[in-house]
Amino acid sequence: MDVLVIHTSPNHDGLTAACAAAATEGARAAGGAVENVRLNDLDVGLCQACDNGWGTCLPEHHCQVLDGFQALQARICAADALILITPVYYGEMSESAKALTDRLRRCEATRGDASGLAGKPILAVAAAGGSGNGMITCLGSMERWIHHLRGKTWDLLPVNRWSRPYKLIAIREAATAMVNAHQ
Ligand SMILES: Cc1cc2nc3c(=O)[nH]c(=O)nc-3n(C[C@H](O)[C@H](O)[C@H](O)COP(=O)(O)O)c2cc1C
């Protein structure tokens, strides 16, 4: 099973990175072929709400803003499962995660049941490394996003600084279970 782990913090060794490592380890333990993508290393800019609000995303399902998005869209759609891990910023996904998810939703949700993520299991993790506030609102928007793309919500996992030790175990186990269930 081809599993894509996308994590969206600028920090290389923080909570989000630890969650990504746990998810990667868990998916590999079940025999998954895992690719780990640090979104902030890529050039994926913001949606420009082109033309009247819909650009080519609506009729053609690709984005007319040319950058690193197109290759990542293809990579995501080729995967069998997605693990998306974001730091919590103001109770929401990080800006890089929002840029990716907004553009992907426009291109893939508009395909309906032919969405590149339709029926595929998705594990979402919200890492609140500061106050610990905002995990649920962040996961709420991630859950809506999964629904819009017709994905299958495997799990929605919140983690903060003090729950980190046992949540890393939960993330690892969730990734293992997700791969095992879809072999
Ligand atoms: C702009 C911004 C907003 C943030 N908002 C929240 C928040 O709402 N709740 C929270 O617990 N932490 C918040 N934080 C802290 C991040 O969640 C924390 O920096 C992040 O988990 C760091 O982890 P990382 O090491 O994975 O990047 C915020 C950080 C930034 C930069």
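A residue is called buried if 20 or more other C-beta atoms lie within 10 Å of its own, exposed if 12 or fewer do, and partly exposed in between, with C-beta atoms placed from the backbone. By that rule R150, with 18 C-beta neighbours inside 10 Å, counts as partly exposed. The structure is a predicted model, in which local features need pLDDT of at least 70 and side-chain atom pairs count only at pLDDT 80 or more, while totals for chains, interfaces and linings use all residues. Residues are numbered from 1 along each chain as its sequence is written. Helices (H or I, at least four residues) and strands (E, at least two) are DSSP runs, numbered from the N terminus.

**Helix packing**

- The axes of α1 and helix α5 (residues 164-181) come within 7 Å and cross at roughly 35°; axes here are lines fitted to C-alpha atoms, for helices over the stretch in contact, and angles run from 0 to 180 degrees between N-to-C directions.
- α1 passes α5 in a right-handed crossing, a crossing being right-handed if the near helix is turned clockwise from the far one by less than a right angle, and left-handed if anticlockwise.
- Among the residues that meet across this pair are L15, A18, C19 and A22 in α1 and L168, I171, A175 and V179 in α5, where contact requires C-beta atoms, placed from the backbone, to lie within 7 Å.
- The residues of the α1 contact with α5 divide into twelve nonpolar, two polar and four charged, with Ala, Val, Leu, Ile, Met, Phe, Trp, Tyr, Cys and Pro counted as nonpolar, Asp, Glu, Lys and Arg as charged, and the others, Gly among them, as polar.
- Helix α2 (residues 69-78) and helix α3 (residues 95-108) have axes that come within 11 Å and cross at roughly 65°, and the two helices are therefore roughly perpendicular to each other, given that angles under 35 degrees count as roughly parallel, over 145 as roughly antiparallel, 65 to 115 as roughly perpendicular and the rest as oblique.
- The contact is made by F69, L72, Q73 and I76 of α2 together with L100, R103, L104 and C107 of α3, a set that divides into six nonpolar, one polar and one charged.

**Surroundings of the ligand**

- Of the 18 residues around the ligand, G14, T16, A128, G129 and G130 come nearest, a residue being near if its C-beta atom, placed from the backbone, lies within 6 Å of the molecule.
- The elements that give two or more residues to this shell are α1 (15-29) and β4 (121-128).
- By class, the shell has seven nonpolar, eleven polar and no charged residues.

**Two buried positions**

- The C-alpha atoms of A126 and V159 are separated by 6.2 Å, although the two residues are 33 residues apart along the chain.
- L149, in the loop between α4 (135-148) and β5 (152-160), is buried, with 22 other C-beta atoms within 10 Å.
- L149 and R106 are 43 residues apart in sequence and 9.1 Å apart in space, C-alpha to C-alpha.

- Most residues other than glycine have a negative phi.
- D51, in the loop between β2 (33-38) and α2, has a positive phi near 55° and counts as exposed, with 11 C-beta neighbours inside 10 Å.
- R150, in the loop between α4 and β5, has a positive phi near 65°.

Terms used
Contact = placed C-beta atoms within 7 Å.
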